Amino acid sequence: MKRTAAQALVETLENQGVDRVFCVPGESYLDVLDALRDSPIQTVVARQEGGAAMMAEADAKLTGRPGVVFVTRGPGAANASSGVHVAQQDSTPLVLFAGQVARAARGRDAFQELDFPAFYGGMAKFVAEVDDADRLPAVAAAAFHTALSDRPGPTVVSLPEDMLGEPCAVPPGGCAMVDDEPLDDTLVREFDARLESAERPLVVVGGSLWRGPDTARLANYAEVAGVPVACVFRRQQLFDHEHPHYAGDIGIGTNPALRRGVEETDLLVLLGTRFSEIPSQSYALPLARTPVVHVHPDASELHRVHRAELAIRARPGAFLAASAARGRRTVYVDAMHAGYLEWSRLPHPSPGAMNMGKVMATLRDLGEADMIVTNGAGNYSGWVHRFHRFRRFGTQVAPTSGSMGYGLPAAIAAKLRHPDRTVVCFAGDGCFQMTGQEIATAVQYDARVIVLVVDNGMYGTIRMHQERSFPGRVHATSLINPDFAALARACGAYGERVERDAGFPAAFARAREAHAPAVLHLVVDPEAITPAETLSGLYVDAVIPR
């Protein structure tokens, strides 16, 4: 038998260096599943396509190579869109392969048919439907290249089910590699002069185009150039929080001292980041008078969100290697770091018997610089952003898109990628219930994650906004929750309910020793709505503004 298009596709994945794919099986791509059976590529079966896509996206964050997810047509592809949206907003390379109806049925609203270009066209960088088996390897390779190039992001390849079984005579696609664009030395020297003459420069880092050596180079650069470094929302892993040049993160609930630093800087250097809505504080920053230098590899992103006095097309690592700026601003740098240390000081007061500050202190006291922390969306994540000290690259996997349900799938992907490292997932009660069924996936693949479900009996972030905008008019934000520990045990995981912070360290130790995925159900007081505010205080402030 001649090799099929499905077999050629799997060979192309192998050529791309893919060692793991995530999926929910479907009859529309049975030929691919059969080909994967004979491949060294591991196939991880999730419980829902959104979870599978989030796992693939998280894996890409950790490897720098495109994550790969397979789903079936129609409902499967629609479910997967939640993970594709994360990849788009987080600038993560991802390739989604989706089954499609047979070619003869196209355009007739056939069973589970989906118009992929229309559905994904505004979300993905590249959407292609492959009608010719001999075209499949080239299209698949192009999807990988596009996912990696310029500003990385998701690509989608639609696979008509009858095409996959046809013979394919062409060789598999080659490995996609993206080279750095040549740097404009004149612009780099101009930057160096600006930086050396600045009195209060601030380097703000973010984006997805970083690898471990780049972050090591950044730390050295901060010392030589004499600059403080801040990270944008959920990119805190890019700089060691205990490094004396670290100034904190610019995200939700930003340290007021750091915000003043952004307002008062005489040179704001945006390195790798787009500095979009969350870090710019709803586009209030930078101030109109602030000189901005923007360094980004995608020319279309330069000047797109913020006007820059100097725009340099470059990847962060290449730019840092080229810049030769020197400086010494000891008093200024020390003050910025001291502001961060004060802001992240523990213990931190909070209402109720379960103080999340104790949880954060326990994790900090472990001293595990390689611990990976994941989370989804919700006010509970504010405790992670403010109080956890990220020490190394590859230790934070979180959605800058603010997607609920992300933490558990991401944790599973992280544990599969780094089985010898501790992986802790933070999830709110509402957040966990978006993808909580994936705890069964963790059990199936022995991904021994530790999930901390922060249960305050409501959609806390929405309740917070509700109290601010419509004080006292609570509606559609309350939750009656299951026993999350029992739910975990029903899936074969370890589960324990923790109602007092004094019991958390021992419970966490038991979870680590359980030799299985673990869920700790943390019951927190609804009053502890954020690390800085109480629920009743929000109501009072809304009714009687200060």
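Colleague: Which helix gives the most to the lining of the second largest pocket?

Modeller: That is α3, with 3 residues. The model is predicted: local features need pLDDT of at least 70 and side-chain atom pairs pLDDT 80 or more, whereas totals for chains, interfaces and linings use all residues. Residues are numbered from 1 along each chain as its sequence is written, and side-chain values use heavy atoms, without hydrogens and water.

Colleague: How is a pocket defined here?

Modeller: On a 1 Å grid over the protein atoms alone, a pocket is an open set of points where a 1.4 Å probe fits, with protein on both sides within 12 Å along at least five of seven lines; lining residues have an atom within 4 Å of a point. Helices are DSSP runs of H or I, at least four residues, numbered from the N terminus.

Colleague: And how many residues line the second largest pocket?

Modeller: The lining has 30 residues, and G64, S208, L209, R211 and R315 lie nearest the centre. α3 (49–63) and α11 (316–322) each supply at least two residues of that lining.

Colleague: Changing topic, where does D59 lie, and is D59 buried or exposed?

Modeller: D59 lies in helix α3. D59 counts as buried because its relative accessibility is 5%, buried being under 20% relative accessible area with a 1.4 Å probe, protein chains only.

Colleague: What does D59 touch?

Modeller: Leaving aside residues up to four places away in sequence, D59 touches R20, F22, A413 and R417, contact being heavy atoms within 4.5 Å.

How values were computed. Buried < 20%, exposed > 50% of the residue type's maximum accessible area, 1.4 Å probe, protein only.
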